[in-house]
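Here are some notes for a colleague who is opening this structure for the first time. The points are meant to be read with the sequence and the model side by side.

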Amino acid sequence: MKLLFRFFLPVLLLGIVIPVATMALVQPIAGDLTRVGFLPERAFGWNAPQPPVLGSPGNAASNEAEILVVGDSFSWTGKWQHSAFNRKQRYISYGFGDICADFGAYLQKKGLRPETVVIEVVERMFEQRLLSPCSNSELRPALSNMSAPTLPRRDTNLLTGAFGAKYAIGGALYLARPGPQYRAGNGGGVHVRAVADGCRRFSHSDCDNALFLGDDDNLPSLPLSRFDSPMVAALNAAGIHNIVIVVIPNKTSVYLRSEKQARDADAYLTEFGVRNRVRTVPLNTLFYAFKDRYRDFYFGNDSHLSNEGMIVLGRHLGELLRSQAITSAENGQ
Amino acid sequence: MLFNSYEFLFVFLPISLAGFFVLARIGTRFAAAWLGLASLGFYGFWNPKFVALLLASIATNFAFGVLIGRQRAMRDAKPLLTIAVCANLALLFYFKYANFFLDNVNTLSGWELNIGTVVLPLGISFFTFTQIAFLVDTYRGKADEADFINYLLFVTFFPHLIAGPVLHHGQMMPQFRKVETYRWNPQDVAKGAAIFIIGLAKKVLIADSLAEYATPVFNAVAQGQKLQFLEAWVGALAYTLQLYFDFSGYSDMAVGLALMFGIRIPINFNSPYKAASIIEFWRRWHITLSTFLRDYLYIPLGGSRRGELRRFLNLFVTMVLGGLWHGANWTFVVWGALHGALLMANHGLHVVGIRLDRVQGLWSMPLHVVATALTFILVVYAWVFFRSDSIGNAWSIVQSMTLVHGISVTPTLAAHWPQILSEGGFFPATRLAGSSAVPLIAAGLTIVFFLPNSQELVLETKQRWCRFILRRADGEFGLRAGLALGCVLAVSIWSLTRASEFLYFQF
C-alpha cells in the first residue's frame, strides 16, 4: 500500500493523467497563427488530407549552385523549391539577412556564383525587402543559411522543439473572444475573420472564419507607389542581372480582398519588373482563382501556403522559369 | 504495435496486464494463454497476415522439438534436427535474403531473375534464431518442452518478439512454470515500470532527436554529396548515439515490461561505449545476440579448441555471419568483417601478452581512457558501414571523417563561432543546425560515458545521487522516485506526436 502512494500514484498522476488531460483538453499547435494568437487548433487546424511534400532547400553546394533562392519563411522549408526545380537544376536557398550594398562581396565570400537569383518575398514585406534603402554599412552575413527539414519536425520534443508552445491554453481564450476582430498575442496580432464561402475554401471546423495575420493590414500591401529597388541595384552591382522576383500574396489579399485589388497588385509588379529590368512573377490574380480551386490553399491556422499550395506554387514557378530560360536561350540572351 | 505509441501505452498494456493478473487468480494456465494470445494480437497489429506465418513456424518447431526429444539416440535425432534447422533457415532466407541473393546473381551473370517484392515479417530473425536454439538444445538433451502454451508464450512473449533480446528457453521456461510468476508483485511492477520509463525516454527524447542530425548526413551522401570533416563526424556520432539510445531504449522497455509481468529477461546492453577494447565492447553490446552467436555458431565451428589460427578464423566467420544477420546488404557484411578483424587483432594482442588489465599503477587510468577512446572511435567508423546504404557511400563518409574531403572552417572562426554554428557554416552539404546538434551530441556522449545505465539506475543504484533520487534507506522506491519518473514519463508522452519505429525492427 505504501508503494502505491509513494510510487504508483505519483507516476500515474504526473506521467499519465496530466499528459492525457492536457492532450484531451488542448491540441498541439501546428499553425503559426494559432500559436501566436493562442487560438485552438481544434477550431482552425485543417482536417482534409494534404499531399505529402518533400522539403529540399537545395541540391548543390554553394560553389556549384546555378540558381540562388533568397527567401523568407515561405522558402525555409524548401517545399516549393522541391516542386519547382528538377535534378539538373543545381540550386541553393538562403534566408533573408541584412541584405545590403555589399551583396556582391558577400556572395564572393560564400563562394556563390549563381547564374539566376530568385528573390522570394511575401507581399507585406515587399516594401521593406525590395524598396528600402541599404543603411547597413557593417559587413555582416547578408544571408543566413536555412536548416534542411529532411524529417517531419517533432515540435513537441523537449530537446529540439518549442515544447511549451504546443500546449498553449487557447481554448478558453477563443471562447471568450469579444468578436470577429478579436486580437490576441503580440507582434501585430492575429485576426479571426469571416470568410465568404469559407467551408468550401477551408477544411477546419470553424470554417466560416479563418485566421489572418494582423501585419497583413499593418504593413503596406501591393500596389505601392514607388518602384526603385536598392536591392536589385545591389545585385546588378554584383554582376547579377538574371533576377526573378516572386511575391507571395498575403493570405488576407487572397481571401478577403477583391479581384480588382489582385489585378492592381499584379499590374504594379509588372511595372516594377519593367522599371528595374527584372523578371517578376505576378501571383495575385492566380492565387485569387486558386483559393476556389484548391481547398486549404493556405492553411486555416497558418499564414503560409499549405502543402498543396506549395506544390502548386513550385510547379507554376518551375514551368515559368524553364520557359523563360528557353526563351532567353532562343533569343540569344 | 510500437511500445512508444498511444495505443500500446493506453490500451494494450493496461488491458494485457490487468487480464494477466486477474486470470492468474483463476489459474496460471489461463494467464499464460492470455499472455500468448495478447502477444499474437500485438504482432498482428502490424500485419495480421503474418500471424499465420508466426503460428506455423511455432507449431512446426514445437512438433520437431517434441519429435527430436523422443528419439533415444542422438544419431536418430540428427536428421530431424537437420530438417528443422534447414526449414527455419529457408524461411529466413526467402524473406530476408532471396532478393539480395538474386540481385548479386543477376549482377554477376547478367540475368534478370526476379521474385518480386518480398515483405520482411517483423522479428523473423529473432523468432527464427530463438527457435533454432531451442531445437539444438533439445537435440543436445538440454531442453525438453511438452507444453505448447508455454512454448507459444516463450516465442511470442511480446516484450521480446520483434526486436529481442534473443531469449534462451533455459531462461524462460522455468519462469513460465513457476506459480510465483503469476502473482501480483508490486515491487516487480514498480521496478519494471521504472526501467520501461527510462527506456521510453531514451527512445523518444534522445534517439529520435539525434535521428534529425544523423539522417540528413547519410541522406546527403546517398544523394551524391561529398561531406566535409565536421559534418561527417556529426553524422557518424549522431548515428552512433542514436543507435545505442534507440536499441538499448527498446531493450530497456522489453526488460521493464517483462518484469511488470513477473518475468525476468536478460539485459542486452551494459554501457557498451564504456568498453576499453573490442572484446569488451561485444560483452556489453547486444549481449543476447553475442551469446547466441558464441553458443550456436562460434563454438560449433570449433571455437578455440583447434588452435589459434582456427580460433581467429572462427571469430571472423562468426562476426561476418553476425553482420549478415542484421540485413541483406554488403554493408552489413563489411561491418561484421571489420568487427571480426578488430576482434582478431584484439585477441592477437592478448596472445603476445599485451593486455590492458595487466597494467597496474600510475599508467592504468590514462591507458584505460586512451583505450576506451580508441575503441569508441573504431566502433564509430564501423557504424558508418552499418548505417550507409552502400559501401561506396560509407567509404565516402569514412574519407570525409579522415579529412580527405577537407574541413569547412572560416578564418573568422573565433570571432563568429556562435554565428557559424547557427548558420550551418560547418555543414555545407546538409546545412544542419550545428547550434543544436553539437550540444545534443555532447549530452549523448556525457550520458554514455559518465552516467550509470538503466539497470544500474534501477536495480543496483550504486551512485549516491541515484540513491537520493530513487531509493529510500530500506532499498525501496521512495516518493522522489515516483515524482522523478512521473515527470520523465509525462515529457515522453507529450513527445509522442510521431511514433517512430525502432531501428532494430528492420533486422
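1. Among the contacts in chain B with a separation of 6 or more, 72% are between residues 24 or more positions apart.

2. On confidence, the average pLDDT of chain B is 86, and 88% of the residues score at least 70. Within chain B the confidence is highest in helix α11 (residues 278-284), at a mean of 95, and lowest in helix α17 (residues 417-423), where the mean is 52. Where pLDDT is low, the predicted coordinates should not be read in detail. For the complex, the predictor gives an ipTM of 0.73 and a pTM of 0.69.

3. Which residues touch the most other members of the largest nonpolar core? They are F7(A), F8(B) and W383(B), in a core of 155 residues. Helix α9 (residues 186-222) of chain B supplies the largest share of this core, 21 residues. Domain 1 (6-184) and domain 2 (189-506) of chain B both give residues to the core, and it therefore lies between them.

4. F7(A) deserves a look of its own, because this residue of chain A is in contact with a set of chain B residues. Leaving aside neighbours within four places in sequence, the contacts of F7(A) are A190(B), A193(B), A194(B), F477(B), A481(B), G482(B) and L485(B). A second, separate core has 65 residues, including V69(A), I92(A), L222(A) and A265(A).

5. Aromatic pairs can be followed next, and a search of the whole structure finds 71 of them over all chains. In one of these, W46(A) and F299(A), the ring centres are 4.8 Å apart and the planes meet at 15°, so the pair counts as stacked. The two residues are 253 residues apart, with W46(A) in the loop between α3 (41-44) and β1 (67-71) of chain A and F299(A) in the loop between α15 (284-293) and α16 (307-330) of chain A. W46(A) counts as partly exposed because its relative accessibility is 34%, whereas F299(A), at 10%, counts as buried.

6. A stacked aromatic pair is also formed by F3(B) and Y250(B), with 4.9 Å from centre to centre and 10° between the planes. F3(B) lies in the segment before α1 (6-26) of chain B and Y250(B) in helix α10 (residues 229-260) of chain B, so the pair ties together parts that are 247 residues apart in sequence. F3(B) is buried, with a relative accessible area of 1%, and Y250(B) likewise counts as buried at 1% relative accessibility.

7. Is N250(A) buried or exposed? N250(A) counts as buried, because its relative accessibility is 0%, and the cut-off for that class is under 20%. N250(A) is placed in the loop between β7 (243-248) and α13 (251-256) of chain A. Not counting residues up to four places away in sequence, N250(A) touches V122(A), E123(A), R124(A), D216(A), S221(A) and Y298(A).

Note on methods
Residues numbered from 1 in each chain as written. Chains lettered and ligands numbered in written order. Predicted model: local features only at pLDDT ≥ 70, side-chain atom pairs only at ≥ 80, totals over all residues. Heavy atoms only, no water. Core = buried A, V, L, I, M, F, W, Y, C linked by side-chain atoms within 4.5 Å. Buried < 20%, exposed > 50% of the residue type's maximum accessible area, 1.4 Å probe, protein only. Helix = DSSP H or I, 4+ residues; strand = E, 2+ residues; numbered from the N terminus. Domains from an automatic or database assignment. Contact = heavy atoms within 4.5 Å. pLDDT = per-residue confidence, 0-100. Phe/Tyr/Trp six-rings, centres within 6.5 Å; stacked < 30°, edge-to-face > 60°.
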